[in-house]
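This briefing covers aromatic contacts, salt bridges and surface charge. Please read it alongside the sequence and the coordinates.

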Amino acid sequence: MIASMLADNFGPAMGPVKSDIGGNISRLETRYLSNQSEFNYLYRIVQSEIESKKAKSSSSCTNALLWLTRAMDFLSELFRNLMVHPDWSMSQVCTDSYDKSLKKWHGWLASTSFSVALKLAPDRKKFMSVVGVKGDDVSDMEDFCGRFSPLLEENHKFLASVGMDTLKA
């Protein structure tokens, strides 16, 4: 939802991000719908793929969960930077967030694509308006980060426990 809203409001530069996130969600949802009683937890889908030796495939649900988690890490870091560094430009906010969350998992092409997309990012004021921040009230972002970060951490711990946390693009 959040990534889709951002992509819809920031034009074609965010199109690939929206597509990747949407594709990952669709892949997980399709697998869940294939057997709702067996796959009533995301981690059961991953365990099933590990058992069938399909988890490392680029089209696996394991890969989808990993990259969806990483994308949400970026978004959480972006919100944190917006709250902690009110003097930073959107470019600084995005670059620092990317460096802390996605950069180590991306190869040259993805990193270069990010740099190009960054040049098309809106200014901070427009961005804050799009995410619904009124003036200096960042309480919704604070709430989001506080509630969502533990869930992301849980995903990371699980993926690490099954040896699936180091896959690269």
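Are Phe-74 and Phe-114 buried or exposed? Both Phe-74 and Phe-114 are buried. The model is a predicted one. It holds five aromatic pairs and five salt bridges.

**Aromatic pairs**

- The ring centres of Phe-74 and Phe-114 lie 6.2 Å apart with the planes at 85 degrees, so this pair is edge-to-face.
- Distant parts of the chain are linked by this pair: Phe-74 sits in helix 4 (residues 61–84) and Phe-114 in helix 6 (residues 108–118), 40 residues apart.
- Phe-144 and Phe-148 form a stacked aromatic pair, 5.0 Å centre to centre with 20 degrees between the planes.
- Phe-144 and Phe-148 are four residues apart in helix 8, and therefore separated by about one helical turn.
- Phe-144 is buried because its relative accessible area is 18%, under the 20% cut-off.
- Phe-148, at 23% relative accessibility, counts as partly exposed.
- One aromatic cluster is formed by Phe-74, Tyr-98 and Phe-114.

**Salt bridges**

- Arg-80 and Glu-77 form a salt bridge with the closest N and O atoms 3.3 Å apart.
- Glu-77 is buried at a relative accessible area of 16%, whereas Arg-80 is partly exposed at 29%.
- Asp-96 forms a salt bridge with Lys-100, and the closest N and O atoms are 2.9 Å apart.
- Asp-96 and Lys-100 are both in helix 5 (residues 90–101), four residues apart, about one turn of the helix.
- Asp-96 is buried, with a relative accessible area of 19%, while Lys-100 is exposed at 52%.
- A network of salt bridges links Glu-77, Arg-80, Asp-96 and Lys-100.
- Asp-99 and Lys-103 also meet through their side chains in a salt bridge, at 3.9 Å from N to O.
- Asp-99 is partly exposed with a relative accessible area of 40%, and Lys-103 is partly exposed at 43%.

**Surface charge**

- A patch of negative charge on the surface gathers Asp-136, Asp-137, Asp-140 and Glu-142.
- Asp-137 is found in the loop between helix 7 (124–130) and helix 8 (139–161).
- The relative accessible area of Asp-137 is 46%, so Asp-137 is partly exposed.

- Tyr-43, Ile-45, Val-46, Ser-48 and Glu-49 are buried in helix 3 (residues 42–51).

Methods. Residues are numbered from 1 along each chain as its sequence is written. This is a predicted model: local features need pLDDT of at least 70, side-chain atom pairs count only at pLDDT 80 or more; totals for chains, interfaces and linings use all residues. Side-chain values use heavy atoms; hydrogens and water are left out. Patches are made of residues with over 30% relative accessible area and no salt bridge: like charges are joined within 9 Å, nonpolar side chains (Val, Leu, Ile, Met, Phe, Trp, Tyr) within 5 Å. Accessible areas come from the Shrake-Rupley method with a 1.4 Å probe; for residues, only the protein chains shown count as cover. A salt bridge is a side-chain nitrogen of Lys or Arg within 4 Å of a carboxyl oxygen of Asp or Glu. Lys and Arg count as positive and Asp and Glu as negative; His and the chain ends are not counted. The place of a charge is taken as NZ of Lys, CZ of Arg, CG of Asp or CD of Glu. Helices (H or I, at least four residues) and strands (E, at least two) are DSSP runs, numbered from the N terminus. Buried means under 20% relative accessible area, exposed over 50%, partly exposed in between (1.4 Å probe, protein chains only). Rings of Phe, Tyr and Trp (its six-membered ring) pair if their centres lie within 6.5 Å; planes under 30 degrees apart count as stacked, over 60 as edge-to-face and the rest as tilted.
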